[in-house]
Amino acid sequence: MIIRRHYYISGDVQGVGFRYRAKNAAAYLGLTGYVRNLYDGRVEMEVQGEQDLISRMLGQIDAGSFIHIDDMEVKDIPVVDDEKSFGVKSW
């Protein structure tokens with residue numbers, strides 16, 4: 001079943017390759033959505049796909065040597081039917 005999740009992620013998540021890893025993991029796993037840095041030091045991300053693939057994506061991101069996730073606020077949100085890819089958004 002396809003789901004969509006919205007995340008606010010805090011920790012060592014900016015300036016450490018988080019968005020790059022997220023984009024590559026999403027592309028590899030066939031997930032869609034977006035990721036972007038926030039001014040308060042957190043990262044915002046929406047991911048859409050199978051729940052187990054989303055979990056795998058998060059594991060791949062957290063495996064980065066300089067990335068350290070302290071906290072995640074997670075909320076299920078409605079699926080976006082026509083979304084085709086995962087992108088990196090600017091501020």
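This is a predicted model: local features need pLDDT of at least 70, side-chain atom pairs count only at pLDDT 80 or more; totals for chains, interfaces and linings use all residues.
**R4**

I started at R4 and found its side chain in a polar contact with the side chain of E46, at 2.8 Å. By polar contact I mean a pair of N or O atoms within 3.5 Å; within protein, one must be able to donate a hydrogen and the other to accept it, and residues adjacent in sequence count only if both atoms are side-chain atoms. A second polar contact goes from the side chain of R4 to the side chain of E83, at 2.6 Å. R4 sits in strand β1, residues 2–12. I take strands (E, at least two residues) and helices (H or I, at least four) as DSSP runs, numbered from the N terminus. Is R4 buried or exposed? R4 counts as buried because its relative accessibility is 3%. My cut-offs: buried is under 20% relative accessible area, exposed is over 50%, partly exposed is in between, with a 1.4 Å probe and protein chains only.

**Ground rules**

Residues are numbered from 1 along each chain as its sequence is written, and side-chain values use heavy atoms, with hydrogens and water left out.

I stayed in strand β1 and went to H6. H6 has a relative accessible area of 10%, so I put it down as buried. Which side chain does the side chain of H6 make a polar contact with? The partner is E44, at 2.7 Å. Leaving aside neighbours within four places in sequence, H6 is in contact with Y34, E44, M45, E46, E73, V74, K75 and I77; contact here means heavy atoms within 4.5 Å.

E44 came up again when I looked at R36: their side chains make a polar contact at 2.6 Å. R36 lies in strand β2, residues 32–37. With a relative accessible area of 22%, R36 is partly exposed. Beyond four places in sequence, R36 contacts R19, R42, V43, E44, K89, S90 and W91. I also checked R36 against I2: they are 34 residues apart along the chain, and their C-alpha atoms are separated by 22 Å.

**N37**

N37 is also placed in strand β2. I logged N37 as buried, since its relative accessibility is 9%. Not counting residues up to four places away in sequence, N37 touches V13, Q14, R19, R42, V43 and W91. From N37 to Y8 it is 29 residues along the chain, with 9.8 Å between the C-alpha atoms.

**Q48**

Next stop was Q48, in strand β3, residues 43–50. Q48 is buried, with a relative accessible area of 8%. What lies 2.7 Å from a polar atom of the side chain of Q48? I found the backbone nitrogen of V80 there. V80 also turns up in the contact list of Q48, which, leaving aside neighbours within four places in sequence, reads I2, I3, R4, L31, T32, I54, V79, V80 and E83.

**G17**

I left the strands for G17, in the loop between β1 and α1 (18–29). G17 is partly exposed, at 32% relative accessible area. G17 and I67 are 50 residues apart in sequence, yet 7.5 Å apart in space, C-alpha to C-alpha.

**Whole protein**

Then I zoomed out. How many helices and strands are there? I count two helices and five strands, in the order β-α-β-β-α-β-β along the sequence.

The radius of gyration is 12 Å, which agrees with the value near 12 Å for a compact globule of 91 residues. I took that radius over C-alpha atoms, with the globule rule being 2.2 Å times the number of residues to the power 0.38. Along the principal axes, the C-alpha atoms fill a box of roughly 30 × 25 × 20 Å.

Of the 91 residues, 40% count as buried. Among contacts between residues at least 6 apart in sequence, 79% join residues at least 24 apart. The accessible surface comes to about 5,300 Å², and 49% of that belongs to carbon and sulfur atoms; the areas come from the Shrake-Rupley method with a 1.4 Å probe, and for residues only the protein chains shown count as cover.

Last, charges: the mean positions of the 11 positive and 14 negative ones are 5 Å apart. Lys and Arg count as positive, Asp and Glu as negative, and His and the chain ends are not counted. I placed each charge at NZ of Lys, CZ of Arg, CG of Asp or CD of Glu.
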